[in-house]
Structure formats: structure tokens, C-alpha cells
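Dear colleague,

Please find the structure below, together with its sequence.

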Amino acid sequence: MSRIGKLPITIPAGVTTIAAGAFIGQPSVNLTQENTSFALVDGALYTGDMKTLVFCPCYQDRLTIPNGVESIEEYAFAYCRLSSLDIPASLRSIGPNQFSYAGFASLVIPEGVTELRNATFDSCDNLKTVVLPSSLTHLESEVFRYLPSLTDVYSFGDEPEVVEWGNGV
């Protein structure tokens, strides 16, 4: 998978699906007014029904995900330089490689999220603290892979099922 870079990208009306990770490293995307399959809110790209976050621009500093979003597409935050991310209570699932190489120092996963997929926090060099919800029941392999600054992981529930132990769980 190669990074796109700084090409201007406008998603036309005929595009109804976008592959996970399609915009890794991209500073922004635009939509034509005719495209109803997707929505842009504060620079982030969502499905038209606002249930899935598809992409966050890599140079965005802060993002509040709107209430009602239930899932985040794989690699949506890869290489993002976010210093602040607010996740709504409506979120249920966080996909694999979700925050790969993201820049934030701490993250609170809200109540309601039941699973963290493979390599969720892969190579987040600045990540120091993660707070896990009591609703978390499923933890895949290497969720906490290659995190040189990680010092604290807080969990408010029972120990979740670990699907596979790896070099980062």
C-alpha cells in the first residue's frame, strides 16, 4: 500500500464505496455536491448515513466524531497528527490498524465499544495513556504493538477475551 501524498482529491457522485486505507497520508479530500454516498464534517469523511467514519485528514489537529457514528473504517486515522480525539458513546467497534502511526498522547475509548481489532494502536510513538471501557469484551492480537511511550493502560471492566496473544497484547 503506498501513500497518496498531497494530490487534490475530489470524490465524484458515482463513487459509492472507498477501500480501507485509500487516503492514508492525504491532507484532505473533497466531495462533489452530487455525491450523497459520503459526507464531510469538519474535514473528516463519513458514510452518507453518518454511521461510519471513513477517513481523517493527516494534518488535522483535533476531531470530535459526531454522535451516531458506530464504527471507524480500518486505517481511518493512520498517520494522523491528531493531538485530541473525542469519540462518541455510539461507537461500538474499532477496526484493525485504526490508529497506526497516529500522533495523540492519550485516548479514552468510550463505554459501548465491545472490541479492539488487530494492531489498533500500532506504532503510535506518542501514545502514553489508554483508557478502556468496561464494555470491552474482545481484544485481538497486537492491539498495543510497538508503543515506546506507553506507560498506562486503564481498564474499568473484567479482563476481555484475548483472541491471540502476540508481541503487543
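Glu 142 counts as buried, at 18% relative accessibility (buried means under 20% relative accessible area, exposed over 50%, and partly exposed in between, with a 1.4 Å probe and protein chains only). This is a predicted model, in which local features need pLDDT of at least 70 and side-chain atom pairs count only at pLDDT 80 or more, while totals for chains, interfaces and linings use all residues. Residues are numbered from 1 along each chain as its sequence is written, and side-chain values use heavy atoms, with hydrogens and water left out.

The side chain of Glu 142 meets that of Arg 145 in a salt bridge, at 2.7 Å from N to O. A salt bridge here is a side-chain nitrogen of Lys or Arg within 4 Å of a carboxyl oxygen of Asp or Glu.

Strands are DSSP runs (E, at least two residues), numbered from the N terminus. Arg 117 is partly exposed, with a relative accessible area of 28%, whereas Glu 140 is buried, at 17%.

A further salt bridge joins Glu 70 to Lys 51, with 3.6 Å between the closest N and O atoms. Here too distant parts of the chain are linked, 19 residues apart: Glu 70 is in the loop between β6 (62-64) and β7 (71-72), and Lys 51 in the loop between β4 (44-47) and β5 (52-55). Glu 70 is partly exposed, at 38% relative accessible area, and Lys 51 is partly exposed, at 36%.

A cavity is a set of points on a 1 Å grid over the protein atoms alone where a 1.4 Å probe fits but cannot get out, and lining residues have an atom within 4 Å of a point. Of the 15 residues that line the largest cavity, the closest to its centre are Gly 21, Phe 23, Val 54, Phe 55 and Tyr 75.

With kind regards

Methods
Helices (H or I, at least four residues) and strands (E, at least two) are DSSP runs, numbered from the N terminus. On a 1 Å grid over the protein atoms alone, a cavity is a set of points where a 1.4 Å probe fits but cannot get out, and a pocket is an open set with protein on both sides within 12 Å along at least five of seven lines; lining residues have an atom within 4 Å of a point.
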